[in-house]
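I opened the model to look up how the chains are built and where they touch. My entries follow in the order in which I checked things.

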Amino acid sequence: MIELQNVCRTFTVGDQQVTALRDVNLRLDAGEYLSIMGPSGSGKSTMLNMLGLLDRPTSGTYLLDGGNVTDLNDEQQARVRREKIGFVFQSFHLVPRLTAAQNVELPLILAGIPAEERKARVQVLMRNYGLSDRADHKPDQLSGGQRQRVAIARATVMNPTVLLADEPTGNLDRTTGWEVLKLLEGLLEQGITLVVVTHDAEIGARARRQIHMLDGRIVSDERRTK
Amino acid sequence: MKLADTFQFAYGSLRGSPTRTLLMMLAMSIGVAAVVVLTALGEGARRYVVNQFSTLGTNLVIVLPGRTETAGIGPGLMSGQTPRDITLDDAQALLRSRAIKRIAPLTVGSATLSRGALNREVVVLGSTSDLLEVRHMSIGIGRFLPAGDIQEGASVCVLGNQMKQELFGNEQAVGQWVRLGDRRFRVIGVLASQGESMGMRTDELVIIPVASAHQLFNTSSLFRILVEARNRDYIEQAKHDAEEIMVQRHSGERDVTVITQDAVLATFDRILTTLTMAVGGIAAISLAVAGVLIMNVMLIAVAQRIKEIGLLKALGAPGKQIRMLFFAEAALLSTAGSVAGLALGYGGSMIIGQIYPALPVSPPWWAVLAACFTALGTGILFSVWPARRAARLDPVAALAGR
């Protein structure tokens with residue numbers, strides 16, 4: 001359902017051409033659990049941004065659910081992001097002036113969903129993630145683990161088909177990190193496709209499919225057999 | 001995203017940085033208040049002048065000797081002759097016109113007014129009984145000049161309020177005799193205190209029959225004739241008739257000038273309205289300055305909220321939506337600034353009105369509307385660039401805070 005065909009991405013830094021992705025081909029089925037690993041500068045974040053439609057390939061094609069999304073305009077791509085893709089970031093990216101519940105509500109507001117329905121959906125989600133008593137807290141009143149849980153709630157409130165997590169445990173201590181990871185893995189049961197970018201081999205090894213990147217290329221693609 | 005949600009989100013981000021919001025509102029409201037107060041002053045001045053004119057009398061047409069040319073010097077001066085005088089007979093002839101209701105010939109001079117040892121130089125107005133009506137004067141004690149043959153010079157006079165005070169103090173003045181130049185006049189009335197009207201203090205006048213004034217000043221010419229038209233619709237007719245009658249009587253020569261009060265009024269009205277607009281326009285510059293301030297602060301806001309913008313994009317907000325959010329912020333800010341400015345402006349106008357009660361200070365509706373729309377317009381206009389900048393941010397770089 002996700003397919004990258006011969007995707008290249010080059011940046012111009014100063015007067016130098018930097019290649020972040022070289023001729024990448026990747027096919028990902030629905031419900032897969034993929035981890036992308038590699039040293040910094042290997043192109044794993046660019047890959048994630050590409051999958052999340054935050055970046056456009058310099059050349060190559062990106063097919064999502066069978067449709068070519070490479071040539072969509074800004075508004076159409078925004079719509080795809082809104083409806084099919086959820087993001088979880090290393091530094092949470094919660095809006096500091098909004099409460100936890102309001103942060104979770106944000107994608108629903110952007111999608112133009114009526115207020116009553118928004119409230120109901122946010123409430124259910126907050127309960128599921130054990131955040132009900134934190135709903136009216138601002139992000140700076142929450143612990144790191146709670147913040148990431150709010151961020152995951154926000155990423156899933158639109159029921160996306162793909163969840164992209166960029167170093168989701170990077171800013172958390174070990175125990176909290178595992179908890180967050182378990183929460184993300186729990187979403188697999190709902191049929192979500194989970195992509196985790198990490199440089200932590202231990203975390204990466206949990207995924208059923210692991211790819212390693214180096215210098216903008218996929219150097220290994222392994223499937224863990226149960 | 002729904003419009004209501006857009007505005008609510010914008011409101012939230014404005015509340016998120018109260019100092020910034022308050023400062024921008026202050027700049028906006030000072031601009032609006034400046035426009036409101038300054039145009040209120042201009043409008044007040046205009047209405048003051050219009051009021052002054054209406055105290056002069058209504059439906060007035062004024063006949064004065066000599067032809068006023070629009071440019072250069074009059075033909076009379078070129079040929080070395082002065083224009084023909086206007087006489088009392090000329091004045092009476094004007095009453096032949098149907099359009100003319102009343103006339104009041106005027107002769108003006110100065111003479112020494114004395115009673116016993118007290119004497120004072122005064123402006124003497126020679127006229128007829130109709131002057132009271134034509135000039136909207138009112139009598140305080142006694143009565144005004146008697147009606148009758150205007151060629152007959154009775155030795156009676158009407159004193160301005162201040163003249164009476166100076167000569168008689170609190171004594172009874174009506175019935176007493178005063179000396180004006182080399183003639184004696186009996187006081188028959190005292191004018192009610194009226195204050196100033198178009199630079200002529202009626203309180204310091206002495207009014208005598210026009211024929212007596214001619215004898216006193218040894219002349220037979222009139223300073224001018226005040227003509228009251230039958231009503232508003234007859235003003236032009238009265239002006240035309242007056243001109244024709246004067247031409248006839250002056251053997252075909254157009255040597256008088258006839259002006260209507262309306263024309264003078266209209267000129268003043270135009271000048272003062274233009275002035276009000278000019279002053280308002282200058283004040284509007286401060287609104288433009290406020291606009292630049294808004295742009296500046298918005299640009300800073302875009303830089304400060306770069307991560308938030310990146311996040312909104314990642315969550316699926318298209319560039320258009322981001323632009324709308326910034327426009328909504330600018331619109332809210334301008335609206336709030338305008339409202340505060342209006343309150344400030346009206347408050348200021350009221351205070352000025354209290355300090356100068358003579359000036360009918362109130363901002364004209366067009367200036368208020370213009371101020372609000374300019375505020376809203378500049379607010380949104382100057383947010384276009386920051387909003388576009390925010391909308392065009394690369395989401396990856398924005399999320400990284402770059």
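Domain bounds, as I use them here, come from an automatic or database domain assignment. This is a predicted model, so I kept local features only at pLDDT of at least 70 and side-chain atom pairs only at pLDDT 80 or more, while totals for chains, interfaces and linings use all residues. Residues are numbered from 1 along each chain as its sequence is written, and chains are lettered from A and ligands numbered from 1 in the order in which they are written.

**Chain B, overall**

I looked up the domains of chain B and found domain 1 (3-53 + 266-399) and domain 2 (84-254). Taken over C-alpha atoms, the centres of these two domains of chain B are 56 Å apart. I read the span of the C-alpha trace of chain B along its principal axes as about 100 × 55 × 35 Å.

I counted 13 helices and twelve strands in chain B. Helices (H or I, at least four residues) and strands (E, at least two) are DSSP runs, numbered from the N terminus. Of the 402 residues of chain B, 43% count as buried. Buried takes 20 or more other C-beta atoms within 10 Å of the residue's own, exposed 12 or fewer, and partly exposed lies in between, with C-beta atoms placed from the backbone.

**Strand 5 of chain B**

Which residues stand opposite B:V158? In strand 7 of chain B I found B:G189, and in strand 10 of chain B I found B:I207. Strand 5 (residues 156-159) runs parallel to strand 7 (residues 183-191) of chain B, with four bridges. With strand 10 (residues 205-209) of chain B, strand 5 pairs in the antiparallel sense over two bridges. Two strands pair if DSSP finds at least two bridges between them.

**Where B meets A**

I found 20 residues of chain B in contact with 18 residues of chain A. Contact means that the C-beta atoms, placed from the backbone, lie within 7 Å. On the chain B side, two or more residues each come from helix 1 (3-16), helix 10 (306-314), helix 11 (319-355) and helix 13 (395-399). I sorted that side of chain B into ten nonpolar, five polar and five charged residues. Ala, Val, Leu, Ile, Met, Phe, Trp, Tyr, Cys and Pro count as nonpolar, Asp, Glu, Lys and Arg as charged, and the others, Gly among them, as polar.

**The open sheet of chain A**

Four strands of chain A form an open antiparallel sheet in the order 2-1-4-5. Strand 2 (16-28) and strand 5 (67-68) of chain A each have a single partner strand, so one side of each has no neighbour in the sheet. Strand 1 (residues 2-13) pairs with strand 2 of chain A over nine bridges, and A:L4 stands opposite A:L26.

**Positive phi in chain A**

A:L53 has phi near 60°, a positive value in a residue other than glycine. I placed A:L53 in the loop between helix 1 and strand 4 of chain A. A:L53 counts as buried because it has 25 C-beta neighbours inside 10 Å. A:D65 also has a positive phi, near 50°, and lies in the loop between strand 4 and strand 5 of chain A. A:D65 is partly exposed, with 13 other C-beta atoms within 10 Å.

Key:
Two residues are in contact if their C-beta atoms, placed from the backbone, lie within 7 Å.
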